Amino acid sequence: MKFSPFFTTNTSVSIVMLKVLLALVPGIIAYVWAFGSGIVVSLILASATALLAEAAVLQLRNRPVMPFLLDGSALVTAWLLALALPPIAPWWLVVVGTLIAIVIAKHLYGGLGQNPFNPAMVAYAALLISFPVIMTQWPVPLELTTIKLSFIEQWQYIFNHVLPSGVGFDAMSSATPLDYLKTQLKMHHTMEDIHQAKFFGMFAGKGAEIVASMYLLGGLYLLHQRIISWHIPVAFLTTLAVISGVFHWVNPAHFSAPLFHLLGGATMLCAFFIATDPVSGATTPKGKLIFAAGIAVLTWLIRTYGGYPDGVAFAVLLMNILVPLIDANTQPRVFGHSK
């Protein structure tokens, strides 16, 4: 039997960030298995750039460098951005995106704890608008191609844009399932015909659904460790499943089933790692539900009717704008007060 007084241990920022990084590891392993080791190059580039940019800006601001470098927040931002970018993207795209995330989206607003927008999503949206062609060049799943570039060959392509002799870029890249789906629907093909494409798996894209499942596993670890609460993941995934399910039921020839949306694109990464950002997201329990539901609705609308294949980044940023309003109107009732 336990007696008072009860003490809770303080969880430092560095411990929280370390657990977030650990939670991403299963997804990264699945990513390498499904699409090759190019993502490792992007992660290394993004991590190095983030730490150097963080140190430089802290020096310019006359702030202590080591405490902020060791808290892990810059690495989390770098990893989330790298995992959102095509793993065969040129090195300068990763570097520019990471600089945007750290210097502009984070430190321009005051640094850790002050940024109103998710830094990784700011950088992703900026790159997508600026370099749409490069941002949509994704590798073919390894199980569908006979061309498997080694780590060194992918490194050479990322840095020098050089492929081995006899290997064409079209042989190792393809549209994402979300992009292909939107393009084919505009050509008046039915959903049944579209899903016959070779890179569609059981529910979403081959390889991608395995990666999404591993992000889900990492998210469950964060829930178990109480790093995040259930409100945002449950509200986001449930809302996305319901709205896509209703429209699929009404017109299955034109709208994808819920599992395609749940296991495709950046859904799982958003549910557990992006939308749950404690700084740029809602903070009240009811506010988190509204915030996540709004992201889900906007994600589905952009995926279905928008000009971009996946709407996660824009949906998160649009809902970030509404966070002060959401929090102001969802404050829990003060104990002892009737209103």
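Arg303 is buried, with a relative accessible area of 5%, where buried denotes under 20% relative accessible area with a 1.4 Å probe and protein chains only. Arg303 forms a salt bridge with Asp310, and Arg303 is also among the residues nearest the centre of the second largest pocket. The model is predicted, so local features need pLDDT of at least 70 and side-chain atom pairs count only at pLDDT 80 or more, while totals for chains, interfaces and linings use all residues. Residues are numbered from 1 along each chain as its sequence is written, and side-chain values use heavy atoms, with hydrogens and water left out.

**Salt bridges**

- The count comes to 2 salt bridges, each defined as a side-chain nitrogen of Lys or Arg within 4 Å of a carboxyl oxygen of Asp or Glu.
- In the pair of Arg303 and Asp310, the closest N and O atoms are 2.8 Å apart.
- Asp310 counts as buried at 15% relative accessibility.
- Lys106 is paired with Glu54, with 3.0 Å between the closest N and O atoms.
- This pair links distant parts of the chain, 52 residues apart: Lys106 lies in the loop between helix H5 (91-104) and helix H6 (119-130), and Glu54 in helix H2 (residues 38-60).
- Helices are DSSP runs (H or I, at least four residues), numbered from the N terminus.
- Lys106 is buried at a relative accessible area of 3%, and Glu54 is buried at 0%.

**Largest pocket**

- A pocket is an open set of points on a 1 Å grid over the protein atoms alone, where a 1.4 Å probe fits, with protein on both sides within 12 Å along at least five of seven lines; lining residues have an atom within 4 Å of a point.
- The largest pocket holds about 730 Å³ of space, the volume being the space filled by probe spheres set on the points.
- Its lining has 33 residues, of which Val16, Met17, Thr276, Asp277 and Pro278 lie nearest the centre.
- Helix H1 (13-35), helix H4 (73-84), H6 and helix H14 (267-274) each give two or more lining residues, and H1 provides the largest share, 6 residues.
- This lining divides into 19 nonpolar, 9 polar and 5 charged residues.

**Second largest pocket**

- The second largest pocket contains about 240 Å³ of space.
- Among its 16 lining residues, Lys182, Leu185, Arg303, Thr304 and Tyr305 lie nearest the centre.
- Helix H9 (177-186) gives the most to this lining, with 5 residues.

Definitions and conventions:
Buried means under 20% relative accessible area, exposed over 50%, partly exposed in between (1.4 Å probe, protein chains only). Ala, Val, Leu, Ile, Met, Phe, Trp, Tyr, Cys and Pro count as nonpolar, Asp, Glu, Lys and Arg as charged, and the others, Gly among them, as polar.
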